[in-house]
Amino acid sequence: MLNDFGAVIVAAGKGTRMGTRESKQYLALGGKPIIVHTLEVFSRIPWLQEIVLVTGPEDVSRCQSWVHEYGLDKVSAVIPGGSERQQSVYQGIKQISSEWVMIHDGVRPFVTLEEIESCRDAAIREGASVLGVPVKDTIKQVNGQGLITGTPDRQSLWAVQTPQAFRLSDLLSAHEAAAKEGFTGTDDAMLMERAGHSVIVVEGKYSNIKITTPEDLEYAAYLQKRKGEDKE
Ligand SMILES: Nc1ccn([C@@H]2O[C@H](COP(=O)(O)OP(=O)(O)OP(=O)(O)O)[C@@H](O)[C@H]2O)c(=O)n1
Ligand SMILES: C[C@](O)(CO)[C@H](O)COP(=O)(O)O
């Protein structure tokens, strides 16, 4: 099929910055695990062919049960990830059979269909795309002693989110090159940039938060409530 898309949802992290005993992607939000909310958003996308869910090795079976319990029929595989996000993504993309792939963090449950479609359209048009938002703060470069060493021009700074969308073959090669060179990046666009690809940023929304630290949970609860009210 032309321009067919799959998604890899990565959820194999330990949530060290959250500090809860249960990894953050399994914490309940409005009565359901955060990861289920994220999977539900992608499961409702009519043009998406397949979803690969990457979890911690010890969580594969409970995630498989949620896939059945919540009727997440687009999930084609639930597989174990690696110790770094990059390894988890690589394991996931090896299972994708579509021409294009979107990578999304399992802990970004508030992404909307509109944002996902903007990201998809930009990838088809430009070859690779990521969602992002202009930074609101002034950003400083600071050295190990706490001294400011620079203030980059804010006009050029964006906080990058997921999804990030790529041609599968390009992303596989970029991951393989990074692994060969021992490079670890914090997102997939970084690997594509290193491999010489142009990646376009599509303006998303500030509400597409990555649930990372305890204060994010309160904001997530607020966003979830607002989402429920919007549906009423
Ligand atoms: N080895 C890893 C590390 C991260 N992730 C996933 O990548 C996403 C973004 O990562 P982050 O928020 O950094 O999650 P954690 O690694 O779990 O958090 P921390 O860095 O605080 O430990 C999350 O959905 C996380 O589960 C993953 O699949 N495999
Ligand atoms: C991919 C990402 O969500 C973009 O903001 C982010 O880079 C993940 O990195 P983290 O530092 O592991 O949260």
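Strand E7, residues 128-134, is mostly covered, with 5 of its 7 residues buried. The model is predicted. E7 has a partner in E10, and the two run antiparallel over 6 bridges. E7 also pairs with strand E11, residues 200-203, this time in parallel and through 4 bridges. Val-130 shows both pairings. Its bridge partner in E10 is Gln-164. In E11, Val-130 stands opposite Val-201.

Ligand 1 has 21 residues around it. The closest are Val-10, Gly-13, Thr-16, Arg-17 and Ser-88. Two elements give two or more residues to this shell: strand E1 (5-11) and helix H3 (85-93). The shell of ligand 1 holds 10 polar, 6 charged and 5 nonpolar residues.

Take helix H3 next. Is it enclosed or open? Of its 9 residues, 7 are buried, so the rest of the structure largely encloses H3. The buried residues are Arg-85, Gln-86, Ser-88, Val-89, Tyr-90, Gly-92 and Ile-93. Two of these names have come up before. What lies over the buried residues of H3? The cover includes strands E1, E4 (48-55), E5 (75-80) and E6 (100-105), together with helices H5 (168-180) and H6 (188-194).

The largest nonpolar core has 50 residues. E1 gives the most to this core, with 6 residues. Within the core, the residues with the most contacts are Val-8, Ile-9, Leu-53 and Val-101. Which residues does Val-101 touch, leaving out those up to four places away in sequence? The list begins with Phe-5, Gly-6, Ala-7 and Val-8, continues with Ile-93 and Ile-96, and ends with Phe-166, Leu-168 and Leu-171. Ile-93 in that list is also one of the buried residues of H3.

Now look at a loop. Tyr-26 sits between E1 and strand E2 (28-29). Is Tyr-26 buried or exposed? Tyr-26 has 20 other C-beta atoms within 10 Å, so it counts as buried; the cut-off for burial is 20 or more. Leaving out residues up to four places away in sequence, Tyr-26 touches Pro-33 and Ile-35.

Finally, step back to the whole chain. The protein chain has 7 helices and 11 strands. Its radius of gyration is 17 Å, close to the 17 Å that the globule rule gives for 232 residues, so the chain is as compact as a globular protein of that length. The C-alpha trace spans about 50 × 40 × 35 Å along its principal axes. Of the 232 residues, 35% count as buried.

Note on methods:
Residues numbered from 1 in each chain as written. Chains lettered and ligands numbered in written order. Predicted model: local features only at pLDDT ≥ 70, side-chain atom pairs only at ≥ 80, totals over all residues. Near = placed C-beta within 6 Å. Nonpolar A, V, L, I, M, F, W, Y, C, P; charged D, E, K, R; others polar. Core = buried A, V, L, I, M, F, W, Y, C linked by C-beta atoms within 7 Å. Buried ≥ 20, exposed ≤ 12 C-beta atoms within 10 Å, placed from the backbone. Contact = placed C-beta atoms within 7 Å. Pairing = 2+ DSSP bridges. Rg over C-alpha atoms; globule rule 2.2 N^0.38 Å.
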